[in-house]
Each structure stands twice: as structure tokens, then as C-alpha cells.
2 protein chains.
Amino acid sequence: MTTKAIHSNAAGHEAGIGLVQEQVITFDHSFNLVSGKALAGFQLAFETYGSLNAEKSNAVLICHALNASHHVAGQRTDTPADIGWWDNMVGPGKPVDTNVFFVIGVNNLGSCFGSTGPTSLNPLTGEPYGGDFPVVTVEDWVHAQAQLADALGIKRFAAVMGGSLGGMQAMQWAISYPKRLAHAVVIASTPRLSAQNIAFNEVARRAIITDPDFCDGHFYKENKIPKRGLAVARMIGHITYLSDDDMAQKFGRSLRKREDYSYDFGVDFEIESYLRYQGEKFSSYFDANSYLLITKALDYFDPSLKTQGNLAHAFARVESEFLVVSFSTDWRFPPERSHEIVTALMQNNRRVVYAEIDAPHGHDAFLMDDPKYHELVRHYFQRVAHAIR
Amino acid sequence: MTTKAIHSNAAGHEAGIGLVQEQVITFDHSFNLVSGKALAGFQLAFETYGSLNAEKSNAVLICHALNASHHVAGQRTDTPADIGWWDNMVGPGKPVDTNVFFVIGVNNLGSCFGSTGPTSLNPLTGEPYGGDFPVVTVEDWVHAQAQLADALGIKRFAAVMGGSLGGMQAMQWAISYPKRLAHAVVIASTPRLSAQNIAFNEVARRAIITDPDFCDGHFYKENKIPKRGLAVARMIGHITYLSDDDMAQKFGRSLRKREDYSYDFGVDFEIESYLRYQGEKFSSYFDANSYLLITKALDYFDPSLKTQGNLAHAFARVESEFLVVSFSTDWRFPPERSHEIVTALMQNNRRVVYAEIDAPHGHDAFLMDDPKYHELVRHYFQRVAHAIR
């Protein structure tokens, strides 16, 4: 195991995290996956914010969702315009206060931002894994994250936190390593995808897989990118991240730079322009194989699979306290899904704080700067801080 | 104008419509479209059920939605397994009783089941229109349907009826030809698509247009079919036709012929298998250009566009009575959209019967055999029948 540049950034205590540097840790040993396959070795890209205390008790792990990365907060030294995806949540004086906590963002296996994934070289072939990268699960991610924690000397996290798919990782931590976290913070998440959730993922995957430029996942060596499929996949995703009302408010039936309909298949409505832009932007930076892998990890996540569908039984070994947050207009993972989590935890007499935030922004609300939501997280982390002293 | 085989089918008074024969009517004159373009001539495929009375006052026009056709009820003589799409609604003794009414189903311009559309020969080139077929609107369809009514000697319909996009046509009839219908029956419809509705249509169109086999709509002469894009488009549509709960009930997280996850990108879940099947089936019979045209007609429909967004003003000239029906779990065109129609009609002092049917099947409920729903329509049509005598 080797690490590069493990040091925390101390700049910018006034106005946010400031400049941060990506770090990479390499593990040379074999890593067994839930699928039965194994990786001969792997690396994880991560960032840290704040300082680890002497007792190493103030660490908070932030887990990312589908398309995000380990770049949670601050600005990259090489690309200062690239602000971390949860910069409004994590930083000095922010809800997850880096004056108090040592926060870690880590890129997951199978993703495309520096951790081992489909674009990495397959040691067996010397070429990128491409379509041969093994299917990974939320459990696999959590096990890999635990190895990073070991390397950093962190025996127990003050909290593991995430939104959406990130919330699934926080739940999985509480199940797989009950003694290694004091708090799990699960935001806009679900204990398992619904048939409708899986359906949307499957359509997105079909759009990618049936793009002729996908080449069974080996498009890198063909010098191709399945941009059309990726763009369609992202457009589908985007619709599910926003609420119907929010879309109506933001776009409605407004025409895009026109007075009348075009009577062709160009852009008529603002919403069309927005979705096309989002699709094209995404297809220029995200890896198609990673999209398939991560949507599959979403589909597969179901802690109750081993307990005959009983989520309370799946949580039986959990020791951490929980903060569970849902958003009123999130139709992707609606409040009812969070209720299932809360109910199953209460059946195990676990301490849970639950809040449904009345917010108009649908699933994406977990990334937004909502005062009620942020105050809730701030207060919860004051409790977390209390416990580490 | 020439007509072929205009005669009604009289068979099967006991057990449904029985065998029916498709009819085709050809109009040789130019037909101006809302877009400003024109068709040099056109034909309409249609079917009729029951008998037109001597006064020609008992005709009911049934308008189809996205992927349906003029084959509303009964069995085709050439393909007896092919039952009409609203056979549970239309027939002897059924809610729309063909012992009383003369029912007409007509395929719309731009569709792909016998009326003039993208697969028809463009008289200017002698080749199929393909991507050159002009964009058509709900208004255009209604004007074409009115020409069919003229040809059949029907001055005034007892009712014009449709579900979803078919309901839009019924509304447009009431606006464009207020004196030519006594009743408009608008089921599971909306006065205009929401941004989210348009978004889903746009993603479906992008899937088709970016399929390399689409060839800018001229795939016929390349001997190609953009099946991949069409399948993805249909899968997206299907998700929006079913309710979340219905999907959960029917499919849940059930695995497809497996005990455990596959850990690959084949089919794991039943819902994946279902959607793939639906997508592939659809792409084998539906025309890609028609899909684009009809989704565009959906997006464009907005009677209030000419009245500064005021739907009541758009309905100002309406004379017909209305039955408006919505379904509780329809999230594509939810009950609130029907409320807008009802409110605007009431503001014009029109007679409206409105019902929200509590049904689990989402948007597709309008096609289902629901006793409450069918009894409602049956009773309403008894009122319609009363008026024609």
C-alpha cells in the first residue's frame, strides 16, 4: 500500500475550503467483490478537508451518488473553477464544519474520476478494462472505503454521510461495520429501488448499450464514445431528479428564443434546450461503462435481500445513530421510502432523527442550499461533535 | 374523392363486434396544414361499427392516441387475432353501444396504419416522404376527420371521444367545429402538456433521431430501421403510462427466472424483461417518423396559445356538452389537468360531467376494463342516445 500526498488542506478558513489537492492511494493486494470476482489491486482517489484530531475521532466520510466524485468541497488547484459538489454543506462554519471535522470524500470503484474503474488498465491485458470491469456493489464500495479508513488510521468515523446513492453507502456502513461509525446520515435515499426506479435505470442502460459506438464497452480502443446513448441516459436521469412542479416553474411551456412553434424537430421549448445541453455536457465527461456499473449498483442495493425482505432484520446489528432526511417533492426516492428506513431502525430501538423537508426541487433538493435543511444538518453535526470530545 | 368499401359491419351482435373490414377514403384536393405547408392530397384509413341511422344523427367518432389506429373494436378479417384497442368500450351492449351508435375509428395523418404518413409516397419525389413529411397538429387531424365526416354525410356527431391524445382531439373538435358535435368525451387527457411531459417526449425523440439508422428520417430507402431508438422511446413511454404502485405490484423487485443477481448487464429483474419486450415489439411495427410526428403534435397542443394562456377564452365558442374523466394514479396527465378543463368549461357555463376514477393503473387505466369507469361511460352514452332520438 502506498499513499501520495496525504495531507489536509488548511487554507480558506474564512470563505470556504479554498484550494484542495486530490490524493490517490494504491492497494496492491487482491480485493474480493460480492459478485465472486476480484480486482488484483486498486486505487482510490480522495480529498480531505479540515484536520484529523490526535484521537482520530473526528473523521466524517462523505459518499457520492451516481455522477459525483471525491471532489466534495473547495476548488481544485489545477482547475479552480471546479467547485466541489457539496461545497455548500462542507467547509469552515458550514453545516459539516471543517473547523471541527476531518472530512473525507472518496471516489468509488467503477467510477471515472481517478479510482480504479473501466478506464483503468486491466493488469491481465494491459488495456483498459472497458466492458470487462466487474460489476461492483454498494457493499464493495463500503469495503474499499474501509480500507482507506484503515490506511488513514481511522478506526471509527464520527459520521458516514451521503445523499441518494451516497445514503445507501451510509446505511451499508452501519450494517457492514456497525462499530466503525457513530452516526449515519442518510439523505434523499431509499432502502431499495422500486420497479419504477429500476425501469428508468434500465432504459438509460439500453440507450448506452445499444449505441453502436458502445462496442460492448470496448469503445476506448476503437477511439469512439457512445455519446448519443450517454446523452439520452442523462436526459432521462435529469427528468427524475427534478420535480414536476419545479420543472413547470423553471421552464413551463416557454419557447426557446422563438415566437412561434418551429414545426420541425429542432428545439421549440426551453425544457428541450435544457435537457439537450445537460445530455451533451454529461456525455463529454462521464464514462459510459461507469454509468452502467453505478446504475447497476443502485438496482442491486437491498440490505433486506439476505433477510427475506425484512429491513428491520437487515438493520439488526446496527449500532450507530441515524439522521434520515427526505424532501417533499422527491418523486424518485419519496419520503415514504425514508419512512421505511426510519421504521426499521425504530424496530431495532435505534436512535433516529427524521425530517421531511418541504422543498420544491425534487430529488436534487439534497444538493441545494435550503436554510431549513442546512440548519437541520448543522444542528445534527453539533450533536455529532459533542460525541467526539 | 373516392371511397372504397364504405359499409358497416353487422356481424357479432352477441359477442362483440366480430369481423370488421378496414376502409380507405382518398381526397384528391390539397390540404393546408397549420404549419403553413400542405399535402397535395391524402387518404384516411378508417373502420365503422354499427349502422348510421336515416337522420345520420347517431355517429360517434373515436380518436386514437399515440400508437393506436382506426382499429378500435372487433377483429380484422385478415388478422382475426388482432382485436381493436378499445374493444372493451365499443360494441353491441358495451358502454358505447353499437346497437345504438354508428361508431367511426379513423387513423390520423402522419401515423403509420394506412392514412397518409411518412411511409406514403411523396408525389413530388415518387419516394416515401420519410423525414420530409410535414409536422401535423391536433387541429390538422380534426380538420381531416371533418372531411371524412363530410364524405359520410355526417353533419353533426352525437359524440367525439378519445383518451389521452384522443381526448385532445375531442376538445379540438368542440373548439374548431362547435356546431358539429353534441358531446365531447375527454378521458385521461390534458389541456396542454407540462414541461415534464414535453421532457419525456423530447428524450424519446432524441433516442430515435440520434440512432444512426434513422438517417434523418430517410431510413426506408437505406433499408434500415432505427429499432434501437424506437425501443428506448417506447420503454420511456411505458414507464409514464403505468403508475409507480402498479409497477410495484406487478413487478416489484422480482427477479426474472433467476435466484440471484447476474452481476452482468443482462436481465436481472422482471421489469427489465417487460420493458425490453415492449420496446422490441413496438420497434417491429411502429414507424419512427410517425413517433416523432405524433409526440410533436402532443407537445404543440395548447388551445390557450391563441388566447394568451386563458383556457376559458379558448373554450368560448364551445357548444357541446362534456364528459371529462381522469384517473387517480395517472401521473402523466393527473386529475389536476382535467380540473383545468372542467373549470374552463364551467367558466363558459357549459354542461360538464366530471369524474375522477380511483384506479391503480396510471395513465393506461383509460384502456382498462374498470367497472366504475365503464358504467360511467355507459350511463353518459345513454344520455347521448336520448339526445339523438
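1. Basis. The model is predicted, so that local features need pLDDT of at least 70 and side-chain atom pairs count only at pLDDT 80 or more, while totals for chains, interfaces and linings use all residues. Residues are numbered from 1 along each chain as its sequence is written, chains are lettered from A and ligands numbered from 1 in the order in which they are written, and side-chain values use heavy atoms, with hydrogens and water left out.

2. Interface of chains A and B. In chain B, 52 residues are in contact with 52 residues of chain A (contact: heavy atoms within 4.5 Å). About 4,800 Å² is buried between the two chains, and carbon and sulfur atoms give 69% of that area (buried area: the accessible area, 1.4 Å probe, that two parts lose on being put together, summed over both). R253(B), Y263(B) and F265(B) supply 17% of the area that chain B buries against chain A, more than any other three residues.

3. Polar links and elements at the interface. Between chain B and chain A there are 10 salt bridges (a side-chain nitrogen of Lys or Arg within 4 Å of a carboxyl oxygen of Asp or Glu). There are also 21 residue pairs in polar contact, both residues at pLDDT 80 or more (N or O atoms within 3.5 Å; within protein, one must be able to donate a hydrogen and the other to accept it, and residues adjacent in sequence count only if both atoms are side-chain atoms). On the side of chain B that touches chain A, the elements giving two or more residues are α3, α4, α5 (244–250), α6 and α7 of chain B. The largest share of that side, 11 residues, comes from α3(B). Helices (H or I, at least four residues) and strands (E, at least two) are DSSP runs, numbered from the N terminus.

4. Salt bridges between the chains. E272(B) forms a salt bridge with R205(A), with the closest N and O atoms 2.8 Å apart. This pair runs from helix α6 (residues 270–283) of chain B to helix α3 (residues 195–209) of chain A. E272(B) is buried at a relative accessible area of 0%, and R205(A) is buried at 1% (buried: under 20% relative accessible area; exposed: over 50%; partly exposed: in between; 1.4 Å probe, protein chains only). D302(B) and R253(A) meet in a further salt bridge at 3.5 Å, N to O. D302(B) lies in the loop between α7 (288–300) and α8 (311–314) of chain B and R253(A) in the loop between α5 (244–250) and α6 (270–283) of chain A, so this pair also joins two chains. Both D302(B) and R253(A) are buried.

5. A salt bridge within chain B. The side chains of K221(B) and E127(B) meet at 3.7 Å, N to O. K221(B) is in the loop between α3 (195–209) and α4 (227–241), and E127(B) is in strand β13 (residues 127–128), 94 residues apart. K221(B) is exposed at 56% relative accessibility, whereas E127(B) is partly exposed at 37%.

6. Aromatic pairs. The count is 52 aromatic pairs over all chains (rings of Phe, Tyr and Trp, its six-membered ring, with centres within 6.5 Å; planes under 30 degrees apart are stacked, over 60 edge-to-face, the rest tilted). F286(B) and Y291(B) form an edge-to-face pair, 6.1 Å centre to centre with 90 degrees between the planes. F286(B) is buried at 4% relative accessibility, as is Y291(B) at 2%.
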